[in-house]
Amino acid sequence: MNATTTRGALLAALACLLVGGSFTANSLLGDYPYAGGQFLRYGLAFLLLLPLAGPGATTRLRALGAGRWVRLALLAAVGMVGFNLAVLAAERTAEPAVPGVFVGCAPVVVAVVVPLLEGRRPQRVVLYGALFVALGAFTVQGWGRTDGAGLAFSVCALVGEVGFAVLAVPVLRPLGPRLLSTVVCGVAAAESALAGVLADGGGWLRRPEAVETGALLWQAVVVTVVGFVCWYMGMQRIGAERATLFSGLIPVAAACTAPLVGTGSYGAAQAVGSALVFAGVAVGSGALPVGRPRRPAAGRQRALERSLEKL
């Protein structure tokens, strides 16, 4: 891996670790209105990201066509607001591990879908790494009780996780990570407000309590502002396929932080699953080379000896 890909891998890893840790914060927002919480999270993140959007932001936004604006709206609706809503809806009738297992399959789907959309074949190394990551995520979380509705919403959560990466690919280059994060947060805040008014009426937003305020601030400042920018900076450097491999770190981080608030434990299964995730990420991202010549130095030595014989 060169400096660019190493930096991209580290950024993607940091983003996913932050998201994984946010599941602990989610457990503190169980009684807060969903749409109102999403509005506060993304609205605050939008305000914090505005000064970081970079020069020429208005010009770049005006240059976007209607199709790309629709894509941005879908990215916010599917990959942000819809994803979080699907996870919460799934957990009403299913144990949290069930949507977690489906979301853990996102690297496999992205490893296949992105190359096909670009008219090329999936890379075997990335696909093999994605399979290891998915298996590791399953091992970390296990399987739990569910029903048909829980499975359906878990599939929707998988679609949201895939959409968060795939839908961003064509707009990442013209906007850049910071402006893209700013725009989608603003759109997601507006969509959350609209959904809240339609679904809950006047009760969609209330003043959060002290603990809820802390959880919302963590999600807005750390997970969204820092996490989103790092995620898209990483994706810009190593591509959506390899960046999504690091989403396997989300259940690992969630499993590591769950004992801190008494919502889970970290045992042998979590340790084995974490090792599988790390192995899949290392192989798929190129950090652990596979399929290369084992003794390049010996080959160079033989070539040097043949050259000397000709002299």
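Q: Before we start, what am I looking at?
A: This is a predicted model, where local features need pLDDT of at least 70, side-chain atom pairs count only at pLDDT 80 or more, and totals for chains, interfaces and linings use all residues. Residues are numbered from 1 along each chain as its sequence is written, and side-chain values use heavy atoms, with hydrogens and water left out.

Q: OK, at what angle do H4 and H8 pack?
A: About 150 degrees for H4 (residues 66-93) against H8 (residues 148-166), with the axes 7 Å apart. H4 and H8 are therefore roughly antiparallel (angles over 145 degrees count as that). Helices here are DSSP runs of H or I, at least four residues, numbered from the N terminus. Axes are lines fitted to C-alpha atoms over the stretch in contact, and angles run from 0 to 180 degrees between N-to-C directions.

Q: And which residues of H4 and H8 meet?
A: Among them, Leu75, Phe83 and Ala86 in H4, and Phe153, Cys156 and Phe164 in H8. Contact means heavy atoms within 4.5 Å. By class, the H4 and H8 contact has 15 nonpolar, 6 polar and 2 charged residues. Ala, Val, Leu, Ile, Met, Phe, Trp, Tyr, Cys and Pro are the nonpolar ones, Asp, Glu, Lys and Arg the charged ones, and the others, Gly among them, are polar.

Q: What about H7 and H12, what's the angle there?
A: H7 (residues 124-141) and H12 (residues 268-285) pack at about 165 degrees, with axes 7 Å apart. H7 and H12 are therefore roughly antiparallel to each other. Their contact, by class, has 13 nonpolar, 8 polar and no charged residues.

Q: Switching topic: where is the kink in H9?
A: At Gly176, shortly before Pro177, and the kink is about 110 degrees. A bend is the angle between axes fitted to the seven residues ending at a residue and the seven starting there. H9 (residues 169-200) spans only 34 Å between its end C-alpha atoms, while a straight helix of 32 residues would span 46 Å at 1.5 Å a residue. That expected span is 1.5 Å times one less than the number of residues.

Q: Where is H10's kink centred?
A: On Gly239, with a kink of about 120 degrees.

Technical notes: Helices (H or I, at least four residues) and strands (E, at least two) are DSSP runs, numbered from the N terminus. Angles under 35 degrees count as roughly parallel, over 145 as roughly antiparallel, 65 to 115 as roughly perpendicular and the rest as oblique.
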